[in-house]
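Hi everyone, thanks for coming.

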Amino acid sequence: MIRPFRDNAADNNFELKPYLDKRRHLVDQALQRFLNSSPFRDTRLVSAMQYSINAGGKRLRPILCLASAHAVGGLEDDALPAGCALEMIHTYSLIHDDLPAMDDDDLRRGKPTCHRAFNEATAILAGDALLTGAFQILADDALRRDHQQAVWVQAMALIAKAAGHEGMIEGQMRDMAAEGQALSAGQLEELHGLKTGALITASIKTGAVIGGADDGALSSLEAYGRCIGLAFQVTDDILNQTGDPLVMGKAVGTDQIRQKSTYPALMGLPGARRMASDLVDEALRNLAIFDSKADPLRAIARYVIERQR
Ligand code: IPE
Ligand code: IPE
Ligand code: MG
Ligand code: MG
């Protein structure tokens, strides 16, 4: 396998799998603590929230948040509540993305989609509650901080911006509007950047802000985030065409059926693969100012395009 930019840092010995496993476990436990603290934990609503949260996501966004805090010399623990909030926003976006009015998918994370397992109304409301709960976690976390409360409020603001009409939701609107349309490369890049890149970049920036990044580190990490955010969605598009549905836990071939605007549709599979790989190279270049504490981010950049799910 080609490993460009080895000179970027001594990450040759970094083992990604145990790193990801450990953090996924931490995030899962913290999410459970939050959901179990609900006074209505046995209701149909919280059951639907639990169902989708526990269905087995990769937890990429919270792990990026922790890895970014660490890269700038901060504590992963400090970034954990924000990481949970990001995962809740992401999970809500998937529940709504799968609804009949949107992508109309039956399978997610290897299980029937939330609206299939419960019903449409419950899935809509579970998504609403996860989104609102994310900001409950963020606000409560900010209130608990005696010092530098403004840092946590800053994180909350950037997450809100990325998740809303200036980010993910605008991307979802464009994704729906673009079905059956031929977008230009520029339009598609913007669409993907909003739909998927915004929340991924926000996850990285959140960790950086909480970890105490200075302006230079923050802008390098933002540039890294933009690259891997786009590479992530390009890979999602590639896997929709080439992936194994059993491994991915969701249907494949659906982008073509729905005439979605995707990179493989725009430039073919080889072109899309090359683009994803170039983006990862660029992401790694943006980490050049960091020491070995950024090795997890380096390894994650490669994982984003090498993953099979
Ligand atoms: C899938 O995201 C949807 C996109 C934004 C491309 P992930 O591939 O991170 O999904 P999970 O969280 O692992 O299920
Ligand atoms: C999902 O994008 C993006 C969001 C949920 C914001 P897709 O619709 O392309 O992703 P999958 O393939 O359903 O996971
Ligand atoms: Mg979609
Ligand atoms: Mg979808």
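Let me start with a question: which residues surround ligand 2? Keep in mind that this is a predicted model. Ligand 2 is surrounded by Ser93, Leu94, Asp97, Asp103, Arg108, Met168, Gln172, Lys195, Gln233, Asp236 and Lys250.

Now for the polar contacts. The side chain of arginine 108 has an N or O atom 2.8 Å from an oxygen atom of ligand 2. For aspartate 97, the corresponding distance between a side-chain N or O atom and an oxygen atom of ligand 2 is 2.9 Å. Aspartate 236 also takes part, with a polar side-chain atom 3.2 Å from an oxygen atom of ligand 2. On its own, ligand 2 has 390 Å² of accessible area, and the protein covers 91% of it. As for where ligand 2 sits, that is the largest pocket. Helix 4, helix 8 (168-177) and helix 10 each give two or more residues to its shell, and the largest share, three residues, comes from helix 4.

Let's move to the metals. Aspartate 97 bridges the magnesium ion (ligand 3) and the magnesium ion (ligand 4), which lie 3.1 Å apart. Ligand 4 is coordinated by Asp97 (OD) and Asp103 (OD), at 2.1 Å. For ligand 3, Asp97 (OD) and Asp103 (OD) coordinate the magnesium ion at 2.2 Å.

Are these two aspartates buried or exposed? Both aspartate 97 and aspartate 103 are buried. Aspartate 97 counts as buried because its relative accessibility is 11%, and the cut-off for buried is under 20%. Aspartate 103, with a relative accessible area of 8%, is buried too.

That leaves ligand 1. Lysine 58 places a polar side-chain atom 2.6 Å from an oxygen atom of ligand 1. Taken alone, ligand 1 exposes 400 Å², of which the protein buries 90%.

The space taken by ligand 1 is the largest pocket.

Note on methods:
Residues numbered from 1 in each chain as written. Chains lettered and ligands numbered in written order. Predicted model: local features only at pLDDT ≥ 70, side-chain atom pairs only at ≥ 80, totals over all residues. Heavy atoms only, no water. Donors = N, O, S within 2.8 Å, 3.2 Å for Na, K, Ca; no water. Buried < 20%, exposed > 50% of the residue type's maximum accessible area, 1.4 Å probe, protein only. Polar contact = N/O pair within 3.5 Å; in protein donor to acceptor, adjacent residues only side chain to side chain. Areas by Shrake-Rupley, 256 points an atom, 1.4 Å probe, with all protein chains shown as cover. 1 Å grid on protein atoms, 1.4 Å probe; cavity = no way out; pocket = protein on both sides within 12 Å on 5 of 7 lines; lining within 4 Å. Sits in = over half its atoms within 2 Å of the grid points. Near = heavy atom within 4 Å. Helix = DSSP H or I, 4+ residues; strand = E, 2+ residues; numbered from the N terminus.
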